[in-house]
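Here is a short note to read alongside the sequence and the model. Please keep both open as you go through the points.

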Amino acid sequence: MNPTSDVVIIGGGIVGSSIAYQLTTAGCRDVVILERESHQGKGSTGKSMGGVRAQFSTDASIRMSLFSIPFFRDFEANLGHPSGYRSQGYLFMATEARHMNYLRANYEKQVAAGLTTAQVVSTDDIVRMVPQVRGADIIGGTFCSTDGFVDPYSVMTGFTLRAVDQGARVVRDAEVTAILRDERGVSGVESTQGAITTRTVVCASGAWSAQVAKLAGIDLPVEPLRRMLVPTEPFDKISHAAPMTIDMTTGFHFRPEGLGLLMAWNDPEEKSSFNTTFDRAFIEKILTRGVHRFPVLEEAAVNPSRAWAGLYEMTPDHHPILGAIPQVAGFYVATGFSGHGVMHSPATGKIMADLILKGSTDMIDAKLLDHARFAEGRLIEETAVL
Ligand SMILES: Cc1cc2nc3c(=O)[nH]c(=O)nc-3n(C[C@H](O)[C@H](O)[C@H](O)COP(=O)(O)OP(=O)(O)OC[C@H]3O[C@@H](n4cnc5c(N)ncnc54)[C@H](O)[C@@H]3O)c2cc1C
C-alpha cells in the first residue's frame, strides 16, 4: 500500500465507489478505497432490492433522485458498464384518504422540483397496470414511469472500474482500525493492511459508519436495521413488466426479478441490531400481506433458503448525513441513507466530490443534510421510506 494518499475512503460499497469515481473524474486521482472484506458488495449494496425512485416527500431527496435516475439511464454509455436500469416505474396504491392526500402532496412537491414523469392515477389505471390486484378498496395512487430498478452490484462495479482507470486504488481485506489526528485535523488512518498518511478521510462505511466515525471521536446517529427480502420461485401469474408495486395500507411491495417476484415488507417490530440472519417466520408474515392484496400470490412458491436479510443504515430523519465534520478537519461522512443508498449513490458521489474539492455543491442545499442538523434541531423528515 502507498504510504500517502490525497483522499482515503473507508468502505468500498456503492457509495464509496461512487465518491471515488466522481473525485477521480474531477481530477483528484490519488484516491484509495479501503474495504475490510475480501471483496466489495458484502455490506448492504449486495443485499439491496435495487429500487430507484424520485417519488419522495422532501426537496432534498427528490433532487438527489433527479440527478441519479438519468445517471443510471446513461450509465453504460458514460461508464462503459451496465447499470441494469429498467424503467418499469413505482406504483403507490392507497386505500385511505390520508394516504391519498399524502401521495398528492408529494406529487405536488415532485412536480415543483422538476419531475415530469410522475402522475396521480385512478383505481382503474392501477387495475390496468397490475390486473391481479384486489382493487375493491383502492381509492387511487401515484405512478412515476422513470422510477424502476438497477443492479446495485453492477453499478458498484462500474463505478469502481472507472475510478481505478482514472487513478484510484482499492485495497481489500483492509479494515480501518484507527483514524489518526494532529493539531490540523485528520492526519492518516491505520488498517489491517498498514497505515496511510492523508489529510482527507471519507467515512462511507454503511451500517458500520457510527463505529468508524467513533475512531475519529465523532458520534454519528446511524443505526443498523435488519431488512428481509423474499424471492418467489419462477412465477408468471403477474407480468414481469409490472412496476415496483406498493400497498400503502400494509407496506407490502414487490417487483419482478428474474423469472419470479422479489417481495419486501418492513416489519414494524424490527429493532436496531446488526442481525443479518433471515428469520423464516417472516415468510408467513409477508405472504399474509401479499396475498391480501394480490390473491394470486397464494399460488407462488417460496424457497426459504433463497431469502436473505441485510442492513439499512438509519438516521433519525431518514435522510443521509453528507459532508464535512467541522470538529475534525478533513473528516467527511456519506452515510445514513435509510434505505435509499443505491438510488442516491450517483448524486452522493457528485455532492461529496463537490464538497471535498470545492467546499460547495449546486445540486442541493448541503446544509440540510449536514451532521450539525442533529445538534441544532434542523431535522427534515423523509416520510416516504419503504
Ligand atoms: C434488504 C435491503 C434492501 C434494500 N433496498 C434498497 C432499494 O431498493 N433501493 C435503494 O436505494 N437502497 C436499498 N437498500 C439500501 C442500500 O442497499 C444501502 O443504502 C446502500 O447499499 C449503502 O451503500 P454503502 O456503500 O453506503 O454501504 P455498504 O454497501 O454497506 O458498504 C459499506 C462498506 O464499508 C465496509 N466497512 C465497514 N467498516 C469498515 C472498516 N472499519 N474498514 C473498512 N471497511 C469497512 C463494509 O465492509 C462495506 O463493504 C436496501 C438495503 C437492504 C439491506
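1. Basis. This is a predicted model, in which local features need pLDDT of at least 70 and side-chain atom pairs count only at pLDDT 80 or more, while totals for chains, interfaces and linings use all residues. Residues are numbered from 1 along each chain as its sequence is written. Helices (H or I, at least four residues) and strands (E, at least two) are DSSP runs, numbered from the N terminus.

2. The eight-stranded sheet. An open, mixed sheet is built from eight strands in the order S5-S6-S4-S14-S15-S16-S13-S17. Two strands count as paired if DSSP finds at least two bridges between them. Strand S5 (118-121) and strand S17 (308-314) are at the edges with a single partner strand each, so one side of each has no neighbour in the sheet. From one strand to the next the twist averages 20°.

3. A pair inside that sheet. Strand S14 (residues 244-247) and strand S15 (residues 253-257) run antiparallel and are joined by two bridges. Ile-246 is opposite His-253 in S15.

4. Helices lying across strands. Helix H4 (residues 97-113) lies across strand S4 (90-94), S5 and strand S6 (140-144), at about 155° to S5. Helix H8 (residues 281-293) lies across strand S13 (223-231), S14, S15 and strand S16 (260-264), and runs at about 60° to S13. For such angles, axes are lines fitted to C-alpha atoms, for helices over the stretch in contact, and the angles run from 0 to 180 degrees between N-to-C directions.

5. The three-stranded sheet. Strands in the order S9-S10-S11 form an open sheet with antiparallel pairing. Its edge strands, S9 (176-182) and S11 (194-197), each pair on one side only. The twist here averages 25° from one strand to the next.

6. Which residue in S10 stands opposite Asp-182? Asp-182 faces Gly-185, and Ala-178 is opposite Glu-190. S9 and strand S10 (residues 185-191) pair in the antiparallel sense over six bridges, and a hairpin of two residues joins S9 to S10.

7. The H2-H9 crossing. The axes of helix H2 (residues 59-73) and helix H9 (residues 345-357) come within 7 Å and cross at roughly 110°. That makes H2 roughly perpendicular to H9 (under 35 degrees would be roughly parallel, over 145 roughly antiparallel, 65 to 115 is roughly perpendicular and the rest oblique). Met-64, Phe-67, Ser-68, Phe-71 and Phe-72 in H2 meet Ser-345, Pro-346, Ala-347 and Lys-350 in H9, contact requiring C-beta atoms, placed from the backbone, within 7 Å. The residues of this contact divide into six nonpolar, two polar and one charged. Here Ala, Val, Leu, Ile, Met, Phe, Trp, Tyr, Cys and Pro count as nonpolar, Asp, Glu, Lys and Arg as charged, and the others, Gly among them, as polar.

8. The ligand shell. Of the 41 residues around the ligand, Gly-13, Gly-43, Gly-206, Gly-310 and Gly-341 come nearest; a residue is near if its C-beta atom, placed from the backbone, lies within 6 Å. The shell divides into 16 nonpolar, 17 polar and eight charged residues. Helix H1 (14-25), S13 and S17 each supply at least two residues, and S17 gives the most, with four.

How values were computed
Two residues are in contact if their C-beta atoms, placed from the backbone, lie within 7 Å.
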